[in-house]
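Grab a pencil and let's work through a few exercises together. Each one gives a task, then a solution in steps.

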Amino acid sequence: MKVVDNNSRFLLDVDRRGVPGRDRMRTYRDEDEVDLLIVGCGAGGSVLAQRLARHGWRIVVLEAGPFWDPDTDWVSDEEGAHPIYWNANRIVGGEDPVELGKNNCGHGVGGSMVHFAGYTPRFHPSDFETLTRDGVGADWPIAYPELKPHYERVERELPVAGQHWPWGDPHGYPHGPHPIGGAAERAWEGARACGIEMRVGPVAITNGTFGNRPHCIYRGFCLQGCKVNAKASPLVTHVPDALEHGVEIRADSMAIRIETDGMDACTGVSYVRDGHERRQRASAVVVAGYSIESPRLLLNSDLGNGADQVGRYVMVQGAPQVAGRFPETLRMYKGPPPEVSSEQFYETDQTRGFARGFSVQTVSPLPIGWAEHVLADGHWGKALREYMRDYNHWSTLGALSELLPRAENRVSLADQCDSFGMPIARFDYSQCDNDRANIAYAKATLTRILEAAGAQDVLTIDRYAHLVGGCRMSATAEQGVIDSDHRVWGMSNLFVCDGSVMPTQGSANPALTIMVLASRLAERLAAKQVEAQPSAVAL
Amino acid sequence: MHGGGGDPDGLPRQRRGTTPQMHGRYPDFDVLEQSEHWDEPTRRAVLARLDPPSLRFFDATQARTLTAFCDTVLAQDRQPRVPVLQLVDAKLHEGRLDGFQYDDMPDDRETWRLVARGLDEAAAEHDAASYGDADPESRLAICEAFAEARLSGGVWVELPVAHAFAVVMRAVLAAFYSHPWAWNEIGFGGPAHPRGYMRLGIGQKEPWEGEEAFVIDPVADVRERGLDHPTEHRG
Ligand SMILES: Cc1cc2nc3c(=O)[nH]c(=O)nc-3n(C[C@H](O)[C@H](O)[C@H](O)COP(=O)(O)OP(=O)(O)OC[C@H]3O[C@@H](n4cnc5c(N)ncnc54)[C@H](O)[C@@H]3O)c2cc1C
Ligand code: SF4
């Protein structure tokens with residue numbers, strides 16, 4: 001018998017995009033000791049809440065941003081998407097500072113997946129043991145086989161569309177491949193000419209009947225929030241079912257400090273809502289606020305940092321983009337930016353002269369994003385305008401280079417405070433030689449593909465994508481922040497469950513794996529496989 | 001016009017709707033004619049850019065300098081012009097910032113004000129009372145020095161030039177290329193919700209999208225005409 005374990009797609013309304021059931025949402029009082037309090041309603045937090053609510057846990061999710069209604073709050077427009085990003089200030093430093101802004105985390109129910117592009121590849125089995133295999137990075141205290149059933153389950157829930165995937169652990173997808181646009185067609189031709197395999201997908205975008213989720217309309221604004229409900233984000237994939245099972249999602253509530261009993265147990269979280277500081281009691285707390293905000297909250301609460309590990313090993317992927325100019329119009333703004341991709345260069349190949357690898361994906365920036373490319377290539381004034389008028393003739397490929405985790409790449413607390421009186425985050429980032437070699441090789445590969453496709457000219461820029469790490473999972477308390485059950489070393493009932501837990505990042509986009517980790521943790525918590533279970537858990 | 005850094009020979013005049021300076025590659029495409037097909041919040045957000053509020057963040061002196069800078073760096077050399085500085089001003093006034101600050105930089109709002117001062121200081125070296133008073137050649141030369149991080153002294157002792165250029169240009173580009181006139185110029189179909197796009201393939205367009213009436217490979221053309229180093233080229 002097939003158990004239905006997530007009804008979100010049926011709970012959505014066919015005529016409205018907003019999540020139904022908000023008016024009926026269960027609410028708790030601050031004094032109620034809930035079974036679980038989750039900070040952050042993004043990729044990790046939402047899945048965990050949805051799963052455990054189905055096991056009867058009484059759960060409150062504190063979310064700093066708004067409870068979005070896509071119909072009224074989002075626009076089909078690049079600049080107008082500004083409110084969906086985390087816009088409170090952070091300091092960036094180091095030798096290779098990472099620009100945040102729209103290329104960073106979200107702010108509101110659904111988290112960063114509200115504006116993620118939609119690529120949902122799995123990690124490769126090798127990602128969990130890069131130290132053993134390749135002598136770089138770190139080994140995870142868990143391995144791919146433990147996650148595999150959760151990958152299959154979450155891929156069905158999103159649902160993921162794409163061709164059969166030949167790389168890593170080969171697998172198929174629940175929905176078939178989407179049609180692709182002219183820009184992706186050109187890039188794919190070039191790859192074929194170079195002997196590089198590409199596949200359509202994998203993207204978390206409906207491509208067929210899926211409950212009350214409409215089909216994609218190929219309008220291309222995935223990074224601005226999908227107003228159609230075709231692209232997956234927790235807002236449509238897990239929040240409806242979570243509400244139906246009694247979760248309270250308390251939006252516009254910024255957690256500022258985790259409270260403890262002074263020993264090894266936390267007792268709740270202090271947060272600010274409507275300008276007032278309040279405290280929600282809870283028998284267990286999960287931090288799921290993204291790779292910058294999770295370390296920031298732990299540091300501000302002075303928790304889990306006994307081994308000086310909180311905020312360390314934050315990673316970004318090198319995400320250089322190369323665009324090729326073609327005689328025909330390609331209008332790359334149409335269709336979801338993620339169309340075809342390749343993981344042929346994912347694993348270490350000694351002949352390339354560096355460890356680990358990169359993936360290749362179509363990216364297709366909209367006009368403002370494209371203008372930033374043109375500027376980065378050195379053009380302003382008349383030259384900029386002329387390049388921009390040529391927008392419809394370009395096809396853009398991106399790489400995701402696996403940059404290595406380094407202890408000094410760290411989130412720490414800055415001297416300045418935000419409007420809540422909480423010290424803001426500072427993020428320092430510097431590359432190592434292996435990173436530079438990887439990015440250079442990836443750029444050369446993208447250029448080769450586009451030239452083989454007949455590009456008359458190419459334009460290259462350097463950028464980053466996807467922050468993960470900062471509260472990494474480790475086998476011993478000295479090497480990281482959490483154990484293999486996501487519990488903060490030295491604490492009995494404090495967990496971290498988001499992208500910050502990753503010890504390595506592979507060259508896959510991280511969102512699917514973040515959800516999968518949450519799904520695994522939920523299963524273990526529900527089955528009481530995690531030792532020293534929170535005391536007041538209802539069954 | 002070759003050598004003078006003008007528009008490419010034969011770039012069509014706009015026949016329908018408006019583009020910045022009334023030229024572009026899609027002379028019969030006016031994205032605003034499609035606005036009835038956009039969802040309401042999107043329509044409201046886009047149309048508001050046609051009529052931005054008057055300045056609230058910058059004072060008159062700063063505004064004069066920065067308007068001249070925005071127009072130079074975007075080659076808006078005649079009417080109609082996208083009101084770039086007004087759009088930037090609204091953003092800064094409302095505190096719509098981008099959520100990060102380089103550790104060697106002040107707040108973006110402070111950066112903009114310092115840039116205004118720095119441009120005026122640079123104009124003084126060209127014997128002009130302010131950047132806005134400088135002749136077009138000098139404005140171009142200062143812009144070029146700014147883009148190439150060659151400004152020094154005065155404000156620039158404290159303010160890293162390259163980061164400052166990055167900060168102001170991020171806002172300038174977002175303002176200009178979020179404006180529907182600029183979409184007309186480049187043939188961007190604009191918001192497509194709830195209607196969507198259907199013709200995705202090479203060389204295809206929706207029936208309502210513009211026909212491209214002029215093609216030139218900008219890489220070769222920009223190089224030949226030396227547009228990336230306009231003053232150097234002429235000097
Ligand atoms: C432009 C862009 C494109 C991307 N494209 C892809 C892609 O194609 N594929 C992919 O896999 N990934 C992509 N990503 C990355 C992906 O979206 C994120 O890695 C992922 O969503 C992170 O999940 P998370 O659970 O760590 O945090 P999030 O999903 O960001 O959730 C964190 C939530 O916590 C809230 N929060 C934080 N601090 C607090 C606090 N103190 N109190 C209360 N709430 C708080 C935040 O508001 C946020 O909603 C993209 C990212 C960007 C920026
Ligand atoms: S292209 Fe498809 S998935 Fe992307 S935002 Fe539009 S409808 Fe949603």
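**Exercise 1.** Find which residue stands opposite A:Ile91.

*Solution.* Start at A:Ile91 and look across: B:Gln101 in S1(B) stands opposite. Next, take the strands, which are DSSP runs of E with at least two residues, numbered from the N terminus. Strand S3 (residues 91-93) of chain A pairs with S1(B) in the parallel sense, over 2 bridges; pairing calls for at least two DSSP bridges between the strands.

A word on the ground rules: this is a predicted model, where local features need pLDDT of at least 70, side-chain atom pairs count only at pLDDT 80 or more, and totals for chains, interfaces and linings use all residues. Residues are numbered from 1 along each chain as its sequence is written, chains are lettered from A and ligands numbered from 1 in written order, and side-chain values use heavy atoms, with hydrogens and water left out.

**Exercise 2.** Work out how many residues each chain brings to the contact.

*Solution.* Count heavy atoms within 4.5 Å as contact. Chain B then gives 82 residues and chain A gives 69.

**Exercise 3.** Look for salt bridges across the interface of chain B and chain A.

*Solution.* Search for a side-chain nitrogen of Lys or Arg within 4 Å of a carboxyl oxygen of Asp or Glu. That rule turns up 14 salt bridges across this interface. Now zoom in on A:Asp457 and B:Arg223: they form a salt bridge, with their closest N and O atoms 3.8 Å apart.

Methods:
Helix = DSSP H or I, 4+ residues; strand = E, 2+ residues; numbered from the N terminus.
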